[in-house]
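Subject: Structure handover

Hello,

Here is the structure I promised to pass on. Please open it first, then read my notes below.

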Amino acid sequence: MLSRSAANLYWMGRYLERADFLCRLIDATVRLASLPASHGGAKPAWEGAIRSAAVENSFRETGLPVDEAHVGWFLALDPSNPSSVRCCLEAARHNGRAVRTALTLETWEAVNGAWLEIQRFGTGVPDSSTLVRLVESIKAVLLSFDGAAARTQLREPTYWFLRLGTTIERADTTARLLDVKYHLLLPRTEPIGGSLDYFQWTTLLRTVSALTAYRWVYRDAVKPWLVADLLIFNRAMPRSLIACYEDAVWLLDQLAATRGRRGPANRQASAALRRLSENDIDALFQGGLHEFLTEFIAENNALGDAIADQYLF
Amino acid sequence: MYGHGAFGSDSVRMPYARVGDWLRSSSHELMETRRQQAELFFRRIGITFAVYGDPDASERLIPFDIVPRIIAGSEWAKLEEGLVQRVNALNMFLADVYGPRECIKAGIIPEELVLRNPQYSLAQVGRRPAKDVWVHIAGIDLVRTGADAFYVLEDNARTPSGVSYMLENREVMLRLVPEVIADIGMHGGLRPVETYPETLLDTLKSVAPDSCTGEPCLALLTPGVHNSAYYEHSFLADKLGIELVEGSDLFVHADTLFMRTTEGPKRVDVLYRRLDDDFIDPLVFRPDSMLGVPGLVNATHAGNVTLANAIGTGVADDKAIYSYMPEIVRFFTGRDALLQNVPTFRCREPDALAQVLDKLSELVVKEVDGSGGYGMLVGPHATKAQLDSFAAKLRAHPEKFIAQPTLALSTCPTLTDAGLAPRHVDLRPFVLTGADGVKIVAGGLTRVALKQGSLVVNSSQGGGTKDTWVVDDAILDSFDPDAL
């Protein structure tokens with residue numbers, strides 16, 4: 001397949017995943033911000049959202065107040081913020097249109113539909129109920145995209161490049177989200193339960209749609225180190241770092257099989273997966289969670305570069 | 001009794017009778033619902049076109065009219081014969097003007113009109129494309145003025161577009177009115193158009209360069225997503241099962257064309273290019289073009305890649321050359337042209353210019369190298385001020401214009417806000433020429449001027465499209481005139 005097409009598909013996957021993450025982040029932050037001020041209040045909640053989305057600098061430049069309406073607008077609808085849901089969906093559709101022939105009608109209709117849907121919300125500052133409706137409807141169209149792609153795309157490089165973009169972006173967003181909240185995840189000696197931080201952890205879990213999953217996996221109260229364990233080391237959790245890397249290794253192996261040889265990207269992904277497998281949450285806390293995440297994010301970016309090199313993007 | 005007026009008159013042609021039954025038995029609400037379904041379908045699959053210079057409409061739908069345009073099989077057969085003759089003549093003309101120039105020596109056409117024509121490509125002089133085919137894909141614009149009277153309005157021999165509408169309009173009709181099509185099928189049948197991609201694929205493969213051994217690798221070159229016909233490019237690449245490439249996906253090494261793939265460079269043997277000559281190779285044509293491929297022209301001259309259409313075919317569809325087509329056809333085929341030319345004033349000739357200026361308000365004036373209905377004057381519909389300013393342009397650069405009388409164009413019933421009404425239509429069949437001759441799919445793009453009385457059918461100027469039905473004559477035998 002054309003290298004440009006591979007790049008378009010990979011980035012379409014990344015942009016759609018980023019849009020999905022932003023929607024979940026807004027959703028979870030709206031809940032967190034609605035708690036009484038004694039539980040933290042709205043401003044810190046939205047500040048956390050800005051950090052999690054890695055847009056501190058560009059938001060500061062707007063000079064807007066940190067509140068639901070403005071941060072929500074900036075993250076969801078601002079046409080001049082390249083990391084807004086709107087811009088991600090536009091970029092994804094643009095990439096999709098450039099590889100229209102590689103997509104099935106259903107997949108194309110879904111990505112086209114996502115762009116049509118976000119346009120319905122305009123570009124003005126949304127009120128609360130509009131923001132919630134936006135998040136719900138975009139989450140739904142993105143689920144329909146995943147369904148269309150999974151049901152109708154041929155299992156060939158087209159699909160694998162698309163999924164590879166999704167996987168790399170998902171690993172990146174999960175790691176960033178954990179890093180923003182890492183200080184809340186450190187094990188404590190004081191008794192837990194009823195802590196103010198409880199709401200922070202549940203927010204974090206909600207952002208990755210994992211609150212229910214947590215209870216099924218651990219059958220325990222929400223404890224910070226278990227939250228970290230779930231999102232880093234649990235293979236059954238689709239957004240965990242290790243699950244993302246299992247996917248990445250598998251997808252890169254499929255691509256390698258079609259061209260008959262593995263490359264640097266295959267080796268990097270396999271090595272990262274092996275390191276994750278040999279690690280565990282106790283060892284990780286001893287070495288420093290923040291240091292681990294910083295290194296992981298850098299390695300994940302390097303893997304993205306290696307994929308681009310290997311397939312001549 | 002819907003649409004009785006439109007179908008009850010004497011001007012209605014017989015093949016419409018069966019469709020007339022359908023229209024008459026359908027309520028206005030049902031027709032409007034069908035129209036909306038069609039539009040929704042087009043919107044969902046993303047058939048759009050861009051209008052240059054209109055930032056708010058970078059993706060717009062071409063209006064679709066659900067009343068098909070019908071051509072009887074016997075009429076089509078004559079048309080087809082004329083098209084084959086004309087496209088053969090175009091190919092022979094191109095081989096001649098870039099080769100021995102016999103038609104110029106014989107005085108068929110003035111030398112300067114060919115050699116000084118901006119579309120005449122010096123890069124092609126003395127060159128012969130693979131199998132000596134120059135125009136692989138031609139779109140011949142026709143209008144009908146009476147029974148069996150088709151005039152050629154324009155020959156499009158560069159990168160004609162619109163074939164995706166021929167195919168998609170049929171798809172929509174099959175979804176909207178399957179019962180009508182089935183009924184026609186029982187009475188002799190509607191000729192299919194869905195064989196077009198396969199015929200095109202065979203055509204392109206047949207002109208692979210001699211140096212290509214094994215299965216030729218084909219690709220479709222598009223200027224990119226911002227091009228007005230991008231939808232069609234991706235649609236065709238998909239139907240043909242070939243890569244849709246942009247200039248940046250291609251490179252030339254050792255006079256051979258390659259595309260950049262995830263498995264490394266892959267050789268391309270035939271390039272169906274939807275990019276004009278000017279942009280195709282910055283080393284030969286416009287040096288500022290980022291859309292083409294440096295070295296591509298050399299690769300074609302080395303016989304390592306075939307371009308479809310060949311470079312320099314624009315000289316054959318120039319509107320000044322057009323006026324000589326009857327002579328050109330006779331010279332190269334030895335027979336009178338079966339398809340008529342619209343009488344044309346060549347404004348470059350002083351006598352003709354004087355006549356044109358004299359009766360400007362009765363004529364249609366076109367730029368010789370214009371397309372898409374831009375830069376055109378429709379005399380009978382122009383204001384005094386428009387006529388005056390156009391007359392000034394004509395005096396300043398007479399060689400840039402030709403003028404033609406307005407024809408008594410045939411109309412076709414069309415769904416409007418006020419119900420069915422006659423609207424002017426034209427027809428663009430797509431003519432394919434490969435190593436083994438000329439092939440035409442029975443159908444084409446019918447464009448309709450949606451404004452009452454308007455003669456301009458271009459999509460960029462508010463025209464719409466219709467499905468084109470070539471039906472076997474058997475349907476005429478079952479026609480009962482009293483039913484109308």
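B:F64 stands opposite B:T465, a residue of strand β21 in chain B. That is one pair in a predicted model, so please read everything below as computed from a prediction.

**Around β21 of chain B**

Strand β1 (residues 64-72) of chain B runs parallel to β21(B), and six bridges join the two. Strand β20 (residues 445-449) of chain B also pairs with β21(B), but in the antiparallel sense, over four bridges.

Is β21(B) mostly covered or mostly open? Mostly covered: nine of the nine residues in this strand (463-471) are buried.

**Chain B as a whole**

Chain B has 484 residues, and 44% of them are buried. Its secondary structure comes to 18 helices and 21 strands. Take the contacts in chain B between residues at least 6 apart in sequence: 70% of these join residues at least 24 apart.

One residue to look up is B:K239. It lies in helix α10 (residues 230-240) of chain B. Why does B:K239 count as partly exposed? Because it has 18 other C-beta atoms within 10 Å, and the partly exposed class lies between 12 or fewer (exposed) and 20 or more (buried). B:K239 and B:K131 are 108 residues apart in sequence. In space, their C-alpha atoms are 25 Å apart.

**Where the chains meet**

How many residues of chain A are in contact with chain B? There are 17, and they meet 18 residues of chain B. On the chain A side, the elements that give two or more residues are α1 (3-33), α5 (85-98) and α6 (105-119). Of these, α6(A) gives the most, with four residues. By class, that side of chain A has nine nonpolar, three polar and five charged residues.

**Helix α13 of chain A**

Helix α13 (residues 241-259) of chain A has 19 residues. From first C-alpha to last it reaches 27 Å, close to the 27 Å expected at 1.5 Å a residue. Its buried residues include A:L241, A:I242, A:Y245, A:D247 and A:L255. What covers the buried residues of α13(A)? The cover includes α8 (157-180), α12 (224-233), α14 (264-278) and α16 (289-310) of chain A. Just after the helix, A:G260 takes a positive phi of about 85°.

**The nonpolar cores**

As background, nonpolar side chains tend to be buried together in soluble globular proteins. Here the largest nonpolar core has 205 residues. The residues with the most contacts inside this core are A:A19, A:V85, A:I138 and A:Y245. Helix α1(A) gives the most to the core, with 18 residues. Both domain 1 (1-153) and domain 2 (154-313) of chain A supply at least three residues each.

A:Y245 brings us back to α13(A), where it is among the buried residues. Leaving out residues up to four places away in sequence, A:Y245 touches A:A171, A:A269, A:A272, A:L273 and A:L276.

Another core, of 10 residues, lies apart from the largest one. Among its members are B:F64, B:V172, B:M173 and B:L415. That returns us to B:F64, the residue opposite B:T465.

Best wishes

Key: Residues are numbered from 1 along each chain as its sequence is written. Chains are lettered from A and ligands numbered from 1 in the order in which they are written. This is a predicted model: local features need pLDDT of at least 70, side-chain atom pairs count only at pLDDT 80 or more; totals for chains, interfaces and linings use all residues. Two residues are in contact if their C-beta atoms, placed from the backbone, lie within 7 Å. Ala, Val, Leu, Ile, Met, Phe, Trp, Tyr, Cys and Pro count as nonpolar, Asp, Glu, Lys and Arg as charged, and the others, Gly among them, as polar. The expected span of a helix is 1.5 Å times one less than its number of residues. Two strands pair if DSSP finds at least two bridges between them. A nonpolar core is a set of buried Ala, Val, Leu, Ile, Met, Phe, Trp, Tyr and Cys residues joined through C-beta atoms within 7 Å. Domain bounds come from an automatic or database domain assignment.
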